[in-house]
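Here is a short report on one protein chain. Keep the structure open as you read and find each residue as it comes up.

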Amino acid sequence: MEALVEQLAEYFIMMAMGAVLVKAGIVRSEESATLSAVAVYLVLPCVIIEAFQIDCTPEKIRGLVLAFAAAIGVHAFLALFIHMCEKPFHLNAIEKSSIMYTNSGNMIIPLITAMMGNDWVLYSSAFITVQLVLIWTHCRMMLCEDERFDIKKILLNINVIAIIVGILLFAFKVHIPGVVANVLSSVGAMLAPMGMLILGMLFVSLDFRKIFADKRVYVITAFRMVVTPVIILALLKVSGICDLVPDGGKILLITYLASITPVSTSITQLAQVYGKDVEYASALNMMTTAVSIVTIPVLTFLYELVFGLG
């Protein structure tokens with residue numbers, strides 16, 4: 001638990017660094033859009049491909065199948081949740097995306113490494129993969145207000161291509177040569193710091209009095225950081241799927257950690273790319289990130305208590 005808190009503290013320090021750069025006049029908040037493009041179209045694909053660069057053993061395949069099943073189930077629940085809440089709470093595209101999509105792409109790998117070690121990072125790729133596919137299909141269509149399902153655009157998206165390449169390399173047990181693998185690792189390591197720096201740069205331009213006065217920010221934050229995590233925990237427990245494979249409880253913990261992180265930075269980045277309300281997306285990201293330093297350790301402790309992992 002101490003390692004978890006330390007990792008979260010590091011994220012806040014990284015955000016503070018981004019804010020200092022803007023405050024010092026070295027860069028402008030608007031320039032974060034360039035970093036967002038680099039993160040989305042270069043750094044993230046490297047992370048995806050590297051995640052699949054592991055030995056393909058029967059035990060790991062069974063664990064991955066469980067992780068993928070849990071990730072699909074979690075996202076199916078979240079899609080149902082936002083559908084049920086859309087009309088009663090008048091949710092817009094930014095709000096629905098913020099409730100459904102977490103910052104697992106930036107946060108989960110460092111969190112798992114700090115808490116459980118490198119051997120468990122593999123299983124985080126399941127949640128990241130499922131979420132990435134949905135972000136570049138379902139989420140993109142919501143933010144673009146485009147109901148058309150253009151399979152060609154989806155398949156030609158660099159992140160979807162990276163997922164397909166990663167899966168093929170894993171399935172055929174192909175390992176990338178050392179130099180290229182090192183490059184992927186080095187570039188991929190920038191994802192979390194870059195994401196936090198972008199947030200810090202954007203936060204400087206936010207009107208905090210307006211944010212704290214907006215009741216909807218608190219509602220969406222509660223949905224993302226408290227309500228859905230508690231329901232997901234209950235669903236994982238009653239499903240009994242943790243008993244299907246050895247160490248199922250630990251594998252599901254990785255899925256659970258991915259599902260309780262703050263709003264995905266991709267929402268802010270895509271809002272920039274597609275000309276949506278970047279300020280509101282950043283406000284939701286800021287608020288959920290702020291409360292995560294409390295909610296993530298508490299919810300993780302609750303998971304360990306429920307599943308007997310303490």
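## Salt bridges

A salt bridge is a side-chain nitrogen of Lys or Arg within 4 Å of a carboxyl oxygen of Asp or Glu. This is a predicted model, and the structure holds four such bridges.

Start with arginine 28. Its partner is glutamate 31, and the closest N and O atoms are 3.6 Å apart. Glutamate 31 is partly exposed, because its relative accessible area is 32%. Next, look at lysine 96 and glutamate 86. Their side chains meet in a salt bridge at 3.0 Å, N to O. Lysine 96 belongs to helix 4 and glutamate 86 to helix 3, so this pair ties together parts that are ten residues apart in sequence. Lysine 96 is buried, at 14% relative accessible area. Glutamate 86 is partly exposed, at 28%.

## A link across the sequence

Which residue forms a salt bridge with glutamate 95? The partner is arginine 216, with the closest N and O atoms 2.7 Å apart. Arginine 216 lies in helix 12 and glutamate 95 in helix 4, so the pair ties together parts that are 121 residues apart in sequence. Glutamate 95 is buried, with a relative accessible area of 1%. Arginine 216 is partly exposed, at 31%.

Salt bridges can also share partners. Here they join Arg28, Glu30 and Glu31 into one network.

## The nonpolar core

In soluble globular proteins, nonpolar side chains tend to be buried together. In this model, the largest nonpolar core has 98 residues. Ile94, Tyr123, Tyr256 and Tyr303 have the most contacts inside this core.

## A covered helix

How many residues of helix 14 are buried? Helix 14 spans residues 265-273, and eight of its nine residues are buried. They are Thr265, Ser266, Ile267, Thr268, Gln269, Leu270, Ala271 and Gln272.

Just after helix 14 comes glycine 275, with a positive phi of about 70°.

## A buried serine

Is serine 282 buried or exposed? Serine 282 counts as buried, because its relative accessibility is 1% and the cut-off for buried is under 20%. Serine 282 lies in helix 15, which runs over residues 278-307. Leaving aside neighbours within four places in sequence, serine 282 is in contact with Leu202, Phe203, Leu206 and Thr268. Thr268 is one of the buried residues of helix 14.

## A nonpolar patch on the surface

Now turn to the surface. Val226, Val227, Val230, Ile231, Leu235 and Val238 form a nonpolar patch there. Together they have about 460 Å² of accessible area.

Valine 227 lies in helix 12, residues 215-239. Valine 227 is partly exposed, with a relative accessible area of 30%. An α-helix has 3.6 residues a turn, so residues three or four places apart point the same way.

## Positive phi in two loops

Most residues other than glycine have a negative phi. Histidine 90 has a positive one, near 50°. Histidine 90 sits in the loop between helix 3 (58-86) and helix 4 (93-100). At 64% relative accessibility, histidine 90 counts as exposed.

Aspartate 247 also has a positive phi, of about 60°, although it is not a glycine. Aspartate 247 is found in the loop between helix 12 and helix 13 (248-259). Aspartate 247 is partly exposed, with a relative accessible area of 42%.

The protein chain averages a pLDDT of 86. A score of at least 70 is reached by 95% of the residues. Where is confidence lowest, and where is it highest? Confidence is lowest in helix 7 (residues 151-155), at a mean of 69. Confidence is highest in helix 12, at 96. Where pLDDT is low, the predicted coordinates should not be read in detail.

How values were computed:
Residues numbered from 1 in each chain as written. Predicted model: local features only at pLDDT ≥ 70, side-chain atom pairs only at ≥ 80, totals over all residues. Heavy atoms only, no water. Core = buried A, V, L, I, M, F, W, Y, C linked by side-chain atoms within 4.5 Å. Buried < 20%, exposed > 50% of the residue type's maximum accessible area, 1.4 Å probe, protein only. Patch = residues over 30% accessible without salt bridge, like charges linked within 9 Å, V, L, I, M, F, W, Y side chains within 5 Å. Areas by Shrake-Rupley, 256 points an atom, 1.4 Å probe, with all protein chains shown as cover. Helix = DSSP H or I, 4+ residues; strand = E, 2+ residues; numbered from the N terminus. pLDDT = per-residue confidence, 0-100. Contact = heavy atoms within 4.5 Å.
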